[in-house]
Amino acid sequence: MLTYNPPCMEFAVETHGLARTFGAKRAVDGIDLRVPAGSFYGFLGPNGAGKSTTIKCLTGLLRPSSGSMRILELDPVTAAVEIKRRVGVVPEDLALFDRLTAAETLSFVGQVHGMAPETFKARSADLLSLMDLTSASTTLVADFSHGMKKKLSLAASLLPAPRLLFLDEPFEGIDAVASRQIKELLHSFVARGGTVFLTSHILEIVERLSTHIGVIADGKMVAQGSIEEIRSGAHGHGTLEELFIELVGGERAAADFDWL
Amino acid sequence: MLGIFRAFVWMRVRVLVNSLERTGSRDTLERFSVAVEKLGPIVALVVLIPSALVLFVLGIATGFALAQSTSTITLTIVRYFLLLVLVLTIFGPMMLPIRDSGGLVRYLLLPIPRFSLYLAQMTGGLADPWVLLVIPVVVLGIPIGLAVGLSFLAAAIALVAGLAFLLLLTGITSLASSVIHLLLRDRRRGDLVMLVVIFLLPMISILPQLMTPSTDRAPDGRKLTRAERRAQPPSPTARAALRLAPYVPSEMYRRTAGASVASPAGAAIPLAELAGVAFLVQAAAFVAYRRVLDMPVSLSMRRAGSFGGLWDRIVPGLSPAASAVALTQLRLALRTPRGRAAMVTPLLMPVFFGVVLMRRGNFSIPGIEGEQGLALAAIGAFTSMLALLPIAMNQFAVDRAGFTRQMLSPISIRELLLGKAVGNAMIAALPASLAFVLSLAIYRSSHPLLWLGLIFAVVAAYALLAPVAAALSAVFPKTVDMNSIGNNSNAHQAAMLLGMLSSVASAVIPVGLTFVTLAILHRVELLPWLLLGWAAIAIGLSYLLFIPVRRLVESRCETLAQYY
């Protein structure tokens, strides 16, 4: 029987030399992640840097080519199902069944987590209300807009009350009202000891929510730590956007197309 | 205008080449799977070239024979070929995937007039192989053959008739595509239309049998001789077909080509009819296409019933996770046209055979004479298994992004496989049970235990098929659209072929046991017990087979999660 003891846990996610290659391309190139338990960890990087591949490795959707990982102090190789019980994920593709309704999707998640029907029904009602999906609860997911799908995927990840959340671009395509409510919800989740691992291109959101940040570029970690630590390391005192551009080397001359 | 056409042609060629070149495959097994998938279109392309050459020669021979006023046997072949093409042109778009409305939206954003868009779409119809094959016969072959036979005016008439026929075919393709798009744009209506089509297509082959009185027997029940059958007057269906024949476009073409040498003026009437029909079809197709462009995407939303909390229940004997997988698989079948087809079409086969049995009345199984009901129930059960193949042989990829949800959930591979096997069994069990109950209700049986034996036989066959289906689904996944009932919703062709062979193989031992017990031993009472024993062995074998299949699926999960 596997034991789980959150109060003693130092890192919710810990990797050593995590790498994943696709043919000759090293999408993730030996990264060492340290995500403190109870932190709000913003995982940043330019397009194609390896953020989604890293999340897929951490959530068991991809096998790492090399390196080791520990998720909530458990080994994903030997305790994959146990980890999945404690982790919620909003993946890149949202992972929803087209032909289930919103309520059925949450029911599916509740059932596979072995939750009692009355529990998952009550939680589903709360989450659908929060996401403003109550009126669409009996509509097939195939007919949802992208934003509605994203909200439903987020609700599905929250339903089993996980201890760790992996969120791949959770705010993209979500309206301002729902976005604000979700941010508050995630704040209170972290305040209660949960850990959030989030990727987003909206740096203002990351700056406002995150306690810790990791920056990846070309598959390699270029910075990791609390925002203050990174600022001091990068000699920057500006916004997160300026810091980010400095770290990933994205300074380019402003485009000036005289034909435009 | 030419620039637009050049861009469209380039785009189509590029899409084709990219689909052959860039597989994005991750491992050797996937490369093999993708290569097998591409083999079909390549073989079809290779076969198309000699077919076109043969048809070209046939066209020349027909034209020359017409010019010489000699044998018109080749014209008869051309006549039936054109009729076949016409049927394929009408039904082809129903079987093909729904056109990408996203592409239409992109085209609308480009500075292209709507009429040019229509012309591009209409000429795209020439890419359908059956339409393509018409060109060497009616546009090239017959006019060249007539010209070689020195009937130049007839050659010109045949060329115009051929072009009109081609215009008609592209118009029908365009009209059918647009009408289907308009019907399916509203998803709720689309589901209904697809269900009607599922019923309609097989019924087309059954209806004449149902409507036409038997020509095999005299009123006194005596079987008619061949000469007596020939002497009978044509049936009402045959008479109706004869009355309609002159208005069929392929017949209009035949009449035009046939009359072009002897009486060019006489050819003018069928030619004008053909051209008129082609023009009307093109006009209707343009109007329908404009309607599609007005609103290319669906705005409707479908709701699903909760069935009194049925979906929240746990299937007895399964863990909650495996049960959730099984019920999700069943819902996929209930909510997609292809899934519904898997549940509805097996019922049509016993109906068809039932009608044949009633009309012929001389069918019997050796050793159990008079058990026609049992035979029908067996046919229903076997066709239910065959109809399940498109889902069972692609059981992971049919979930599309939902498969990733399962991979992210705390479900073991064992639970996933068990859930899938039970879910597929439920899909097949619904039509099989209905065929069973109806056959039992209609036909009296003097051997009730044999019906029990049939259940054991079906359980044994499915128990052996289930691990094979899971293995083939893992090795040959294919991204599918279950809203289509054509090739786009079929499983990988290698999986389908091997699955069909496995279905037959899984039935060999029950059939063999039945034959030995009834025809050789003449011990009817033994059969249910033998089949029960075999079912127990098959379940044991299935359990053993699932062990390596579990490892296989485990190793393939990463790849399977990419099929959406």
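View 1. Ile216(A) stands opposite Met221(A) of β10(A). The model shown here and in the views below is predicted. Strand β9 (residues 212-217) and strand β10 (residues 220-226) of chain A run antiparallel, joined by 6 bridges. The two strands form a hairpin, with 2 residues between them. Asp218(A) lies in the turn and has a positive phi of about 50°.

**View 2. The parallel partner of β9(A).** Strand β4 (residues 40-44) of chain A also pairs with β9(A). These two strands run parallel and share 4 bridges. Phe43(A) has Gly214(A) of β9(A) as its bridge partner. β9(A) is mostly covered, with 5 of its 6 residues buried.

**View 3. The contact between chain A and chain B.** Chain A gives 32 residues to this contact, and chain B gives 31 residues. On the side of chain A, the elements that supply two or more residues are α2 (80-86) and α3 (102-112). α3(A) provides the largest share of that side, with 6 residues. By type, the residues of the chain A side are 15 nonpolar, 9 polar and 8 charged.

**View 4. The fold of chain B.** Chain B holds 21 helices and 0 strands. Of its 564 residues, 41% count as buried. Among contacts in chain B with a separation of 6 or more, 82% link residues 24 or more positions apart.

**View 5. Helix α16(B).** This helix covers residues 372-392 of chain B. At 1.5 Å a residue, its 21 residues should span 30 Å. Its end C-alpha atoms are 29 Å apart, which agrees. Of the 21 residues, 19 are buried, so α16(B) is largely enclosed by the rest of the structure.

**View 6. The crossing of α14(B) and α18(B).** Helix α14 (residues 320-335) packs against helix α18 (residues 413-442) in chain B at an angle of about 40°. Their axes are 7 Å apart. The crossing is right-handed. From α14(B), the contact residues include Ala322(B), Val325(B), Ala326(B), Gln329(B), Leu330(B) and Ala333(B). From α18(B), they include Leu416(B), Gly419(B), Lys420(B), Val422(B), Gly423(B), Met426(B) and Ile427(B). The residues of this contact divide into 12 nonpolar, 5 polar and 2 charged.

Technical notes:
Residues are numbered from 1 along each chain as its sequence is written. Chains are lettered from A and ligands numbered from 1 in the order in which they are written. This is a predicted model: local features need pLDDT of at least 70, side-chain atom pairs count only at pLDDT 80 or more; totals for chains, interfaces and linings use all residues. The expected span of a helix is 1.5 Å times one less than its number of residues. A residue is buried if 20 or more other C-beta atoms lie within 10 Å of its own, exposed if 12 or fewer, and partly exposed in between; C-beta atoms are placed from the backbone. Two residues are in contact if their C-beta atoms, placed from the backbone, lie within 7 Å. Axes are lines fitted to C-alpha atoms, for helices over the stretch in contact, and angles run from 0 to 180 degrees between N-to-C directions. A crossing is left-handed if the near helix is turned anticlockwise from the far one by less than a right angle, and right-handed if clockwise. Ala, Val, Leu, Ile, Met, Phe, Trp, Tyr, Cys and Pro count as nonpolar, Asp, Glu, Lys and Arg as charged, and the others, Gly among them, as polar. Two strands pair if DSSP finds at least two bridges between them.
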